[in-house]
Amino acid sequence: MALVNTKEMFKKAYEGGYSIGAFNISDLEQLQGVLEACKERNSAVIIQASKSAISYAGIDTLVKLVKAASDEIGVDCALHLDHGPNFEMAKKCIDAGFTSVMIDGSHLDYEENVAITKQVVEYAHPKNVTVEAELGVLAGTEDDVTSDVHKYTEPDQAVDFVNRTGVDSLAIAIGTSHGAFKFKGEAKLRFDILEEIQSKLPNYPIVLHGASAVDQDAVATCNKFGGDIAGAKGVPVEMLRKASEMAVCKINMDTDLRLAMTAAIRKFMAENPKEFDPRKYLGAGRDAIKDVVLGKIDTVLGSKDSL
């Protein structure tokens, strides 16, 4: 099998009214769980790694691991840099074999964001690598990404940004947020902003970050077996499915995988106190991730049989 960029998968997703799941991984078990689920559903998939995941696992190790697992399990996938902080990091990933990169200049002045995005695009495109950027700011914390404020994406600015940078996809801010603690009250996504951007940028792939649903069963299991995760709340599934049927072609999910894996490992260790074989408890975590991804494909993404 092969590592591919996101161009064709996004085209098919837009036309088909579904999204591609972009799942963050940093180890073998997470990767296997995601790919096994996508193989079972014949679903396109994006495997993504953040700067901290790359620091944890090693960039060359991650590339070889994803290639090997893709070949063995039999699933083509994109390998994507999530929230690349600068040009140097994006270049490093492109040179190492990533097929897609995100340059996140959303925290910069608008013109600076345009400039750095264009720089990455000009380096990536001759190497057949697709580029994602972000406009607007998501509140919350996930991995190395933290913000105390939320700034909605302005549709006219999105049009200007895409036209000036040539970026292949755009992450927008319509009310999702990073991490497990997304909402204090009821969740609300600004579908009016998404609709306006879609009308102004027809056939253009939009990305949603911070889109984990934060499964309450997983939270309860974590807490039951020694965890302390209080007040975690995510984006309702029906809202994500609605976005998938519109211009959103990529939905990022990280927290849900972490919660599922942690819950499964906590449960296994509590119920098997004499067990010390890492393959047993990590295997339980891998199985939990597979189950989560199967559920995402069926209820959120709608990407079954998209390969």
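## Asp192, Arg190 and the basis of the model

Asp192 counts as partly exposed because its relative accessibility is 41%, where partly exposed is the range between buried (under 20% relative accessible area) and exposed (over 50%), computed with a 1.4 Å probe on protein chains only. Arg190, at 27% relative accessibility, is likewise partly exposed. The side chains of Asp192 and Arg190 form a salt bridge with an N to O distance of 2.8 Å; the term requires a side-chain nitrogen of Lys or Arg within 4 Å of a carboxyl oxygen of Asp or Glu.

The model is predicted: local features need pLDDT of at least 70 and side-chain atom pairs count only at pLDDT 80 or more, while totals for chains, interfaces and linings use all residues. Residues are numbered from 1 along each chain as its sequence is written, and side-chain values use heavy atoms, with hydrogens and water left out.

## Other salt bridges

Side chains of opposite charge can pair when their charged atoms come close. The structure contains 17 salt bridges. One of them joins Lys200 to Glu196, at 3.9 Å from N to O. Both residues belong to helix α8 (residues 191–200), where they are four residues apart, about one turn of the helix. Helices here are DSSP runs of H or I with at least four residues, strands are runs of E with at least two, and both are numbered from the N terminus. Lys200 is partly exposed at 34% relative accessibility, and Glu196 is partly exposed with a relative accessible area of 36%.

Arg241 and Glu245 also meet through their side chains in a salt bridge, at 4.0 Å from N to O. Elsewhere, salt bridges with shared partners connect Glu40, Arg41, Lys290 and Asp298 into one network.

## The barrel

Eight strands close into a barrel with parallel pairing, in the order β1-β2-β3-β4-β5-β8-β9-β10. Neighbouring strands of this sheet are turned against each other by 25° on average, direction ignored. The axes behind such angles are lines fitted to C-alpha atoms (for helices over the stretch in contact), and angles run from 0 to 180 degrees between N-to-C directions.

Strands β5 (residues 130–135) and β8 (residues 169–172) run parallel and are joined by four bridges; two strands pair if DSSP finds at least two bridges between them. In this pairing, Leu135 stands opposite Ile172 in β8.

## Aromatic pairs

Two aromatic pairs are found in the whole structure. Rings of Phe, Tyr and Trp (its six-membered ring) pair if their centres lie within 6.5 Å; planes under 30 degrees apart count as stacked, over 60 as edge-to-face and the rest as tilted. Phe87 and Tyr123 are edge-to-face, at 5.8 Å centre to centre with 80° between the planes. This pair links distant parts of the chain, 36 residues apart, with Phe87 in helix α5 (residues 87–96) and Tyr123 in helix α6 (residues 110–124). Phe87 and Tyr123 are both buried.

The pair of Tyr110 and Phe161 is tilted because the planes stand at 50°, with the ring centres 6.2 Å apart. Tyr110 in helix α6 and Phe161 in helix α7 (residues 155–165) are 51 residues apart, and this pair too links distant parts of the chain. Tyr110 counts as buried at 18% relative accessibility, and Phe161 counts as buried at 0%.

## Charges over rings

A charge sits over a ring if NZ of Lys or CZ of Arg is within 6 Å of the ring centre and within 35 degrees of the ring normal. Arg190, the salt-bridge partner of Asp192, lies over the face of Tyr152 at 5.1 Å from the ring centre. Lys242 lies over the face of Phe191, at 4.3 Å from the ring centre.
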